[in-house]
Amino acid sequence: MLIEVQSLNIQYGNKKVLENINLTVSSGEIVTIVGPNGSGKTTLFKAIIGSAPIASGKIIMSPSLKVGYVPQVLNVDLSLPLTAERFLNLVTNRNDRGALRAKQILGSEDYLSTQISNLSGGQLQRVLLARALLNDPDILLLDEATRGLDQPGSAAFYKKIEELRESSGCAVLMISHDLHVVMSASNRVICLNGHICCQGEPQSVASSPEYRDLFGSNIDGTFALYQHNQKENKSRINNSNA
Amino acid sequence: MLDDFMVRATLAGIGVAIAAAPLGCFVVWRRMAYFGEATAHAALLGISLSLMFEFSVFAGALFVSLIMATLVTFGQGRSLFLDTLLGVAGHTSMAAGLIIVSYISGVRIELMAYLIGDILAVSKTDVLLIWLGLGAVLLLLFWRWSALLLCTLNEDLAAASGLNPKRENFILTIALAVVVAVGIKVVGVLLIIALLIIPAASSRFLGSTPEKMAVFASLIGVASAILGFNASYVFDTPTGPSIVCVASLIFLLTLTFSSLTQQFQRKN
């Protein structure tokens, strides 16, 4: 067990943001959190990395757990001159294995001397992921990591995550809006809306009434898209490998 | 040497300019200008209290600025309209300060000195305080530089890297309170933020890394202090506003220079 959340409650003022959250992430697992806007997904992440105040409950991390965190956005004001390389070296606990993984993710290094604010969406994504890998983490936390990427871009990103899990054995806990990708790429899906509505294997969550309630009328469309896309994604991935 | 008021004034101006510039970079990067403004305005309450009860103006200003800094650090995240609250707190303090001053006889004329500064009147103690403040601010920034940068980029990322963003923000606001308190003698509560922001804004066009930008900002600040001081001597203008105007001129120059070189590069 890497992370165990026990009856976690979080509230801001009088507003209950998270209620009685219980979840576990074991090593090597890919767990995805889905939920509408304002359902507390990001708050749950903040609690795990220790930046949200916990009202009650516990978050138990396995001793000396190394966490890699990929945030949604960077607030790079245009007035701040900062190259990708400098950002990568800003307060990190790197080790050799992690540095190697980061290097693989970065690929070509010619954009490292570029200012962060001038990076393309895909480049910034690679830099953020590479930074999270520097300490060779036991678990990766991805907060809507594919925001700002187009569909092929996100598909490629999730493929990379899958490969990472294969090669390093690190677990992945991610928040995602790409419902169809989530379904094909996760071992377990947690459906969150202030509380945990349902959780389990992707297929069983997708067919549960709670999930259908939450994602409303376009659920059938999404589900169809998912099945359709799953095949399409696979063939696309195979093609690119060939 | 310190017996010469010109020397004292120059040293005071340089000290405040060096301390303000790197901190000003953070103010610009994090868009904290309004917070700085409110803190500086609030400091007037501290000044008026110190005049009334006859204790050090520096201590009064520092005390009130620190209260504002604490309010902001711990109010963050709890309230969605922090900006408005800051405006309320800053301006209420300033108004209250002005009322208190109106009750103290003979201080009304002196008030102008605290609004726009009176660099020619700095004492040896003031110079010492300014350079102590400068040392403290530079030490704080040097010590927490990378951590502060990461917090500026993303607080959650900083937390995940083992930092405490709340603590880092508090350190930054304390540094800001110190600069406001020591800067009041030189440029006054109305203009101290200008000394933070304008050199930082000018150096954006010159520095390619955060560190270079901070160093350039310090150099521009020092140049503004010396040139502004001399200009005020030659043209017989108030010193604080002269320093700020020189800084603005430098800003215009670097802005023009950078847009010209950019156009030149585009053509080639």
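Helices here are DSSP runs of H or I with at least four residues, strands are runs of E with at least two, and both are numbered from the N terminus. The model is predicted, with local features needing pLDDT of at least 70 and side-chain atom pairs counting only at pLDDT 80 or more, while totals for chains, interfaces and linings use all residues. Residues are numbered from 1 along each chain as its sequence is written, chains are lettered from A and ligands numbered from 1 in the order in which they are written, and side-chain values use heavy atoms, with hydrogens and water left out.

A nonpolar patch (residues with over 30% relative accessible area and no salt bridge, nonpolar side chains joined within 5 Å; a salt bridge puts a side-chain nitrogen of Lys or Arg within 4 Å of a carboxyl oxygen of Asp or Glu) covers about 820 Å², with B:Leu206 and B:Phe257 among its members. Helices H10 (210-235) and H11 (239-267) of chain B each give two or more residues to this patch, and H11(B) gives the most, with four. As for B:Leu206, it sits in the loop between helix H9 (192-203) and H10 of chain B. B:Leu206 is partly exposed, at 35% relative accessible area (partly exposed lies between buried, under 20%, and exposed, over 50%, with a 1.4 Å probe and protein chains only).

Then there's B:Ala159, in helix H7 (residues 155-160) of chain B. B:Ala159 is buried, with a relative accessible area of 11%. Beyond its neighbours within four places in sequence, B:Ala159 is in contact (heavy atoms within 4.5 Å) with A:Ile49, A:Ser51 and B:Pro165.

Notes
Patches are made of residues with over 30% relative accessible area and no salt bridge: like charges are joined within 9 Å, nonpolar side chains (Val, Leu, Ile, Met, Phe, Trp, Tyr) within 5 Å. Accessible areas come from the Shrake-Rupley method with a 1.4 Å probe; for residues, only the protein chains shown count as cover.
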